[in-house]
Amino acid sequence: MKRSVLVCLAALLATPVFAQDTVELELLTHSEVTERLNNGWTSILVPTGGTEERGPQDVLGGHTIMVRHHAIEMAKRLGKTLVAPALPFAVNATGLQANREMAAQPGPIQLPADVFKQVQLAMIDSLARSGFKDIFVFGDHGGGQDEMKAAAEEMDKKWSAKGTRVYYVGDFYNKTHVDVDKYLADHKLPVGGHGAMMETAEMLWMQPKEGMYVRPTYKTVPFDPVPQRGQPRDPNAPRVNNGLTGDPHPSTPAIGKDLAEITVNNGVTEIRKLLSERRGASTQQ
């Protein structure tokens, strides 16, 4: 009897501890979010992922997996910052083109650009109504960057008079891809495109167990070769239509950790810069 009481007591005590540690909005109760807001947790990250083909070896939800992982790490480094649920759909999903009746490979899901923007506006508006004062929008997929930026600017105009600011964090995607290409070139690794080194290596590092995000075939899977930056594509080179553009074979978790750090650092650096510009230096952690 005594042991049962102790077990129940331990379970009750464990819940608040978890709630104190998590930064994910969807894993908190509304009462816990209210407590955070009252204690100055008024910043929130709004990440967008995507669902699309990325070769036979990487799972379709790679963008969403990576952006959620990056956002959580960014929030922890920024301090007093929460992470909204990652939107798993973007614009122009690879393999699903507007002028094709069928997908090149099954599985991609995309939103029309105007619908995607409306979803972004609705998410931002909802969070502003909840009481968040600094809302940061960014995405892991190239399609939709313009719409995210436009939505952030529109919502900033709407809410700024009430003390809420909305920001588009463009370096999270744009600067990161330049920096990653440089890292790969500096380390004499293949600079690739879709489903290649960057995505495969990062998910190798992030996956909780072997084969969950990246199938073991990444070491041997055929790929559509990508020329080094500035070099023309060989018109006689064989083309492989499997959603993979570039060589993922040398990917390792250690490389993935380095590349993820580039992404997180770019996001955190720009957010602090944006806060400093609009809120003053005292807002930086």
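Guide: Let's start at T200, which counts as buried because its relative accessibility is 0%; buried means under 20% relative accessible area, exposed over 50%, and partly exposed in between, using a 1.4 Å probe and protein chains only. This is a predicted model, in which local features need pLDDT of at least 70 and side-chain atom pairs count only at pLDDT 80 or more, while totals for chains, interfaces and linings use all residues. Residues are numbered from 1 along each chain as its sequence is written, and side-chain values use heavy atoms, with hydrogens and water left out.

T200 sits in helix α7. Helices (H or I, at least four residues) and strands (E, at least two) are DSSP runs, numbered from the N terminus. A polar atom of the T200 side chain lies 2.9 Å from the backbone oxygen of A196. A polar contact is a pair of N or O atoms within 3.5 Å; within protein, one must be able to donate a hydrogen and the other to accept it, and residues adjacent in sequence count only if both atoms are side-chain atoms.

Who else surrounds this threonine? Setting aside neighbours within four places in sequence, T200 is in contact with Q57, D58, G195, V214, Y218, P248 and S251, where contact means heavy atoms within 4.5 Å.

G195 lies in the loop between α6 (174-186) and α7, and is buried, with a relative accessible area of 0%. Beyond four places in sequence, G195 is in contact with R54, Q57, D58, T200, L244 and P248. G195 and G243 are 48 residues apart in sequence, but their C-alpha atoms are 7.3 Å apart in space.

Now let's follow helix α7 to another helix. α7 (197-206) is among the elements that cover the buried residues of α3, and others include β1 (43-48), β2 (81-83), β3 (134-139) and α8 (253-279). Twelve of the 17 residues of α3 are buried, so this helix is mostly covered. Among the buried ones are G62, H63, H70 and L78. After α3 comes G79, with a positive phi near 80 degrees.

Six of the six residues of β3 are buried. Both faces are covered: D134, F136 and F138 are buried on one side, and I135, V137 and G139 on the other. β3 pairs with β1 in the parallel sense over six bridges, and two strands pair if DSSP finds at least two bridges between them. In that pairing, S43 has D134 of β3 as its bridge partner. β3 and β4 also run parallel, joined by four bridges, and I135 has V166 in β4 as its bridge partner. The chain crosses from β3 through α5 to β4 in a right-handed β-α-β crossover. Right-handed means that, with the strands pointing away from the viewer, the path from the first strand over the helix to the second runs clockwise.

The loop between α5 (145-159) and β4 (165-168) holds another threonine, T164. T164 counts as buried because its relative accessibility is 2%. The side chain of T164 reaches the backbone oxygen of F132 at 3.3 Å. Not counting residues up to four places away in sequence, T164 touches A128, F132, K133, I135, D156, W159 and R279.

A128 takes us to helix α4, where the buried residues include F116, L121, D125 and A128. Among the elements covering the buried residues of α4 are β1, β3, α5 and β4. Just after α4, G131 takes a positive phi of about 115 degrees.

Finally, how confident is the prediction? The protein averages a pLDDT of 89, and 88% of the residues score at least 70; pLDDT is the predictor's confidence in each residue, from 0 to 100.
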